[in-house]
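Biologist: Could you walk me through this model while I have it open? I would like to go through the charged residues and some backbone details.

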Amino acid sequence: MLKIILTASIAAVLTLTLSCSNGGDEESSGNSGPNTKVYTLKNKTATQFTYVEVYTDYECREGGVLKIEEDTDEETINYSIKNNIMTWQNRWSHSDDDTLHLKGTSNELTGTWTRTKNKAASCKQQTEQYCINHEYDPELDDYVCVSYEEETYYSCKEDYDITEAVFTDKTVKITRDVCGTDYMQDGEDWRGGSAGWKMRPINCDTYEIYKGSEKVTVKENRNNIEVSYNGKSCKMSEYSKSQREAACKEAWKKHQGEDDWDDYYYDILRETRKSFYDCLKNSMPKGFYDDDDDDEDNGSGEVAAKPASAKIFKAKTSKLTQLLKKRK
C-alpha cells in the first residue's frame with residue numbers, strides 16, 4: 001500500500017497539523033545550508049571506502065503498537081590521493097565527469113578534506129537512452145532491445161554538494177551545502193507540463209509555479225510544505241508521532257482479523273491529509289490541482305519511472321510534485 005512520506009528519513013517529528021488558512025505565522029527551519037552527519041566507516045582500503053548511513057522509520061506492529069525501525073544504506077567511494085588532492089567518485093558513476101576533488105594537508109586519508117560547491121559546473125542537462133521495446137532473439141536465446149527513446153533531464157553529479165569530509169580511523173563526518181532547489185531550472189515544466197504550469201526557483205527553500213499572470217508560491221523543507229496563492233495558504237507537515245500512534249491503534253482495532261490489516265495504517269494516515277488536498281482544490285487557481293490528474297501512479301504507490309531515470313526521479317523533482325503524483 002501507499003506510504004506517503006516527505007522524506008526517506010525524518011530526524012525530528014513535528015506536531016503541526018494540516019490547515020487551510022488565510023496566511024499564518026507558523027514557521028519552521030529549512031534544510032538549506034550546511035548539513036553535517038557522521039557515518040561509520042567500513043571496508044577501508046587504499047583505493048576505496050564504504051560509509052554506512054542509518055535511517056529511521058515508524059512501523060505499525062501487531063497489537064496496534066508503533067515501533068521505530070532502523071535501516072541502513074551503504075555508500076562506496078572509489079578514491080585516490082596525489083599531491084594532497086583527493087579524487088572522490090561514487091562507485092555508481094561511470095565517467096570522470098562525476099569525480100570530486102578535495103584538498104587536504106597530506107596524502108593520507110585520515111584528516112580533513114575540503115572543497116567549494118560549484119553548482120554551475122556540477123549541474124547540467126543530461127541525455128539518457130532507455131529501451132522501450134524488447135524482442136526475443138532465438139540465436140541468443142534471450143530478449144534484446146529493438147527500439148530506444150531518449151530522455152533529457154537536468155541533473156547534478158553525485159555528491160556535488162559535499163564541502164568537507166573529516167576522516168578518523170572508524171568514522172567520516174561529511175558536510176554538505178544543501179539547497180533544495182538546485183535541481184530546478186527556471187522555466188521548466190511542472191508535473192510534466194500539466195496544464196501549462198512552469199517552475200522557477202526563488203531560493204533554496206522556495207519556488208514559484210506559474211502560468212501567465214497566475215503565480216503559486218511553494219515553500220518546502222524536510223518536514224513541511226506550504227503552498228500559497230492570493231493570500232491563502234495550504235499547509236502540510238510530516239505525520240506526528242501521536243498521529244502515527246493513533247492510526248496504528250485504529251488499524252489494529254478495526255482490521256486485526258484481516259491479512260493486510262497493517263495496510264490500513266497508511267490509509268488512515270493518508271486521510272489526515274485530506275484537508276491539504278481539499279485546500280489545494282479550493283484555494284489554488286483553476287487547473288493547478290485536480291483530484292483526477294495523478295495518472296502516473298502505477299497502483300503500487302510508487303511513481304512509474306523509466307528504467308534509466310528511476311534513480312534520479314526523486315532528486316530532480318520537488319516534494320510537492322512527488323506527493324501529488326502519489327495521491328491515489
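Biologist: Where is Glu238, and is Glu238 buried or exposed?

Modeller: Glu238 sits in the loop that runs between strand S17 (232–237) and helix H2 (241–255), where helices (H or I, at least four residues) and strands (E, at least two) are DSSP runs numbered from the N terminus. Glu238 counts as buried because its relative accessibility is 1%, and the classes are buried under 20% relative accessible area, exposed over 50% and partly exposed in between (1.4 Å probe, protein chains only). This is a predicted model, in which local features need pLDDT of at least 70 and side-chain atom pairs count only at pLDDT 80 or more, while totals for chains, interfaces and linings use all residues. Residues are numbered from 1 along each chain as its sequence is written, and side-chain values use heavy atoms, with hydrogens and water left out.

Biologist: Which side chain does Glu238 contact?

Modeller: The side chain of Glu238 makes a polar contact of 2.4 Å with that of Arg244; such a contact is a pair of N or O atoms within 3.5 Å, and within protein one must be able to donate a hydrogen and the other to accept it, with residues adjacent in sequence counting only if both atoms are side-chain atoms.

Biologist: And how many salt bridges does the structure hold?

Modeller: The structure holds 14 salt bridges, each being a side-chain nitrogen of Lys or Arg within 4 Å of a carboxyl oxygen of Asp or Glu. One of them joins Asp159 and Arg176, at 3.2 Å from N to O. That pair links distant parts of the chain, 17 residues apart, with Asp159 in the loop between strand S9 (142–156) and strand S10 (162–167) and Arg176 in strand S11 (residues 171–178). Both Asp159 and Arg176 are buried.

Biologist: What about Arg61, which residue does Arg61 bridge to?

Modeller: Arg61 forms a salt bridge with Glu69, and their closest N and O atoms are 2.4 Å apart. Arg61 is partly exposed, since its relative accessible area is 37%, and Glu69 is also partly exposed, with a relative accessible area of 27%. Another salt bridge pairs Asp189 with Lys198, with the closest N and O atoms 2.7 Å apart. Lys117, Lys119 and Asp182, for their part, are linked in a network of salt bridges.

Biologist: Switching topic, which residues gather in the patch of negative charge on the surface?

Modeller: That patch consists of Glu62, Glu258, Asp259, Asp260 and Asp262. A patch takes residues with over 30% relative accessible area and no salt bridge, joining like charges within 9 Å and nonpolar side chains (Val, Leu, Ile, Met, Phe, Trp, Tyr) within 5 Å. Glu258 is in the loop between helix H2 and helix H3 (263–271), and Glu258 counts as partly exposed because its relative accessibility is 32%.

Biologist: On the backbone, what is the phi of Asp141, and what is that of Asn230?

Modeller: Asp141 has a positive phi of about 55° although it is not a glycine, and Asp141 is in the loop between strand S8 (123–137) and S9. Asp141 counts as exposed because its relative accessible area is 55%. For Asn230, which is not a glycine either, phi is positive and near 50°. Asn230 is in the loop between strand S16 (224–229) and S17, and Asn230 counts as exposed because its relative accessibility is 64%.

Definitions and conventions: Accessible areas come from the Shrake-Rupley method with a 1.4 Å probe; for residues, only the protein chains shown count as cover. Lys and Arg count as positive and Asp and Glu as negative; His and the chain ends are not counted. The place of a charge is taken as NZ of Lys, CZ of Arg, CG of Asp or CD of Glu.
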